[in-house]
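Visitor: I am new to reading protein structures. Could you walk me through this one, a feature at a time?

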Amino acid sequence: MKDVETKITDAELAVMQVLWAAQEPLTVNQVKTALDKNGETTKTLLRRLCQKGAVAQEKRGVYYYRPLVDQKTLGRYRTQRVIDKLYAGSARSMVAALVEHHQLGSQDVEDLHNMFQELWNRKEE
């Protein structure tokens, strides 16, 4: 796990989500508009993300920013942290809590069942 994933704050994550969704480099103004934040806050968040190695900056008249951290990688890391911190490392306990608190409907459970079946079938091949 790269150290950068451990250091991205929730405010910085909002910037990352804008950059991931864009699928192309964005200017400060474009990020600011998407976040509905003021320019100085947006500049500060982008500067911090650049310092952490999560975002690259490129000058083309104005600065353009693009993510260096993959969304799936960060998602896996953050999910594992939640599982470790709240469920003592047990993904099963987390899923049980989601079901118990009605966060997963019957269609979700069916989709998960099908996903597990596909994974097991691939594993057996």
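Visitor: How many bridges pair strand 2 and strand 3, and in which sense?

Guide: First the idea: strands are DSSP runs of E with at least two residues, helices are runs of H or I with at least four, and both are numbered from the N terminus. Two strands count as paired if DSSP finds at least two bridges between them. Here, strand 2 and strand 3 are joined by six bridges in the antiparallel sense. One example is valine 55, which stands opposite proline 67 in strand 3. This is a predicted model, in which local features need pLDDT of at least 70 and side-chain atom pairs count only at pLDDT 80 or more, while totals for chains, interfaces and linings use all residues. Residues are numbered from 1 along each chain as its sequence is written, and side-chain values use heavy atoms, with hydrogens and water left out.

Visitor: What happens at the hairpin of strand 2 and strand 3?

Guide: One residue lies between the two strands, and glycine 61 in this hairpin takes a positive phi near 85°.

Visitor: What is the order of the strands in the sheet?

Guide: The sheet is open, with three strands in the order 1-3-2 and antiparallel pairing. Strand 1 and strand 2 (55–60) are at the edges with a single partner strand each, so one side of each has no neighbour in the sheet. Strand 1 pairs with strand 3 over two bridges, again in the antiparallel sense. Threonine 27 has tyrosine 64 as its bridge partner in strand 3, and leucine 26 stands opposite tyrosine 65.

Visitor: Is threonine 27 buried or exposed?

Guide: The scale is relative accessible area: under 20% is buried, over 50% is exposed, and in between is partly exposed (1.4 Å probe, protein chains only). Threonine 27, in strand 1, has 13% and is therefore buried. Contact means heavy atoms within 4.5 Å. Leaving aside neighbours within four places in sequence, threonine 27 is in contact with Val62, Tyr63 and Tyr64.

Visitor: And what about cysteine 50: where is its place?

Guide: Cysteine 50 belongs to helix 4. With a relative accessible area of 23%, cysteine 50 is partly exposed. Setting aside neighbours within four places in sequence, cysteine 50 is in contact with Val55, Ala56, Gln57 and Tyr65.

Visitor: Which residues of helix 3 are buried?

Guide: An α-helix has 3.6 residues a turn, so residues three or four places apart point the same way. In helix 3 (residues 28–35), the buried residues are Val28, Val31 and Leu35. They span an arc of only 70° around the axis, which puts them on the same side of helix 3; the arc is that of the directions from the helix axis to the C-beta atoms. The face turned away from the buried side carries the exposed residues Asn29 and Thr33.

Visitor: What covers the buried residues of helix 3?

Guide: The cover includes helix 2, strand 1 (26–27), helix 4 (39–52) and strand 3 (62–67).

Visitor: Which residue follows helix 3, and what is its phi?

Guide: Aspartate 36 follows helix 3, with a positive phi near 60°. Aspartate 36 lies in the loop between helix 3 and helix 4, and its relative accessible area of 70% makes it exposed. Glutamine 23 also has a phi near 60°, a positive value in a residue other than glycine. Glutamine 23 lies in the loop between helix 2 and strand 1 and counts as exposed at 74% relative accessibility.

Visitor: At what angle do helix 2 and helix 5 pack?

Guide: Axes are lines fitted to C-alpha atoms, for helices over the stretch in contact, and angles run from 0 to 180 degrees between N-to-C directions. Helix 2 (residues 10–22) and helix 5 (residues 71–87) pack at about 150°, with their axes 11 Å apart.

Visitor: Which residues meet there?

Guide: Asp10, Leu13 and Trp20 in helix 2 meet Gln71, Leu74 and Arg78 in helix 5. The residues of this contact divide into three nonpolar, one polar and two charged. In this grouping Ala, Val, Leu, Ile, Met, Phe, Trp, Tyr, Cys and Pro count as nonpolar, Asp, Glu, Lys and Arg as charged, and the others, Gly among them, as polar.
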